[in-house]
Amino acid sequence: MKTSMKDIQQGIVSNMRTWQKVENASTASTGRIMEETENPIIRLVMEIIQRDSQMHHNVQEWIADSLESKALSLSPDEVAGVWGMIEDHIAIEKKTMALAKESLEAIKDSKGMLIQAYLIEYLLEDEAKHTRMLEKLESIKKGMYPYA
């Protein structure tokens, strides 16, 4: 028997709500770790993870809401209205990635800079994620404008 669209949507909503509880546990866990340490490196990493978990919770809320009640839309006019600025931002993200790569190259053979390399690698991965998100937004745009 084929699963209905409504059943699939309800399953995703349920999954998002469960996932939100996991993200809440992650936020609480990172908070406890930060309370227990004075080490600035550990605190910084926990803060990064905590903020990501909070953002994940927000995205999961959007997904669940979009399937339960609030239809999400993105019109071609809305995309077109800001596309030039998005292209400018893609260039900014690529510049930040270049700076991160340049920094990693500069310290690759240096002893005693493991923490700095670790944090720069994190920044590079995050900037690469931003670039991928924007590029996927471009593929959505192209789906709206087949000849764009």
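A: Leaving aside neighbours within four places in sequence, E127 is in contact (heavy atoms within 4.5 Å) with E93, T96 and M97. This is a predicted model, in which local features need pLDDT of at least 70 and side-chain atom pairs count only at pLDDT 80 or more, while totals for chains, interfaces and linings use all residues. Residues are numbered from 1 along each chain as its sequence is written, and side-chain values use heavy atoms, with hydrogens and water left out.

E127 lies in helix α4, residues 114-144. Helices (H or I, at least four residues) and strands (E, at least two) are DSSP runs, numbered from the N terminus. The C-alpha atoms of E127 and K95 are 9.4 Å apart, although 32 residues separate the two along the chain.

Is E127 buried or exposed? E127 counts as buried because its relative accessibility is 18%; buried means under 20% relative accessible area, exposed over 50%, and partly exposed in between, with a 1.4 Å probe and protein chains only. A salt bridge is a side-chain nitrogen of Lys or Arg within 4 Å of a carboxyl oxygen of Asp or Glu.

M97, one of the contacts of E127, also belongs to the largest nonpolar core. That core has eight residues: M97, A100, L104, I107, A117, I120, L124 and A128. The elements giving two or more residues to this core are α3 (76-107) and α4. Another core, of five residues, lies apart from it and has V79, W83, I90 and L134 among its members. A nonpolar core is a set of buried Ala, Val, Leu, Ile, Met, Phe, Trp, Tyr and Cys residues joined through side-chain atoms within 4.5 Å.

Helix α4 is also among the elements that cover the buried residues of α2, as is α1. Those buried residues of α2 are V45, M46, I48, Q50, S53, Q60, A64 and D65. An α-helix has 3.6 residues a turn, so residues three or four places apart point the same way. Helix α2 has 29 residues and reaches 42 Å from its first C-alpha to its last, close to the 42 Å expected; the expected span is 1.5 Å times one less than the number of residues. At the start of α2, a side-chain oxygen of N39 comes to within 2.8 Å of the backbone nitrogen of I41.

E61 is partly exposed, with a relative accessible area of 27%, and R17 is partly exposed at 25%. R17 also meets E68 in a salt bridge, at 2.8 Å from N to O. Here the partners, E68 in α2 and R17 in α1, are 51 residues apart. R17, E61, D65 and E68 are linked in a network of salt bridges.

Note on methods. A polar contact is a pair of N or O atoms within 3.5 Å; within protein, one must be able to donate a hydrogen and the other to accept it, and residues adjacent in sequence count only if both atoms are side-chain atoms.
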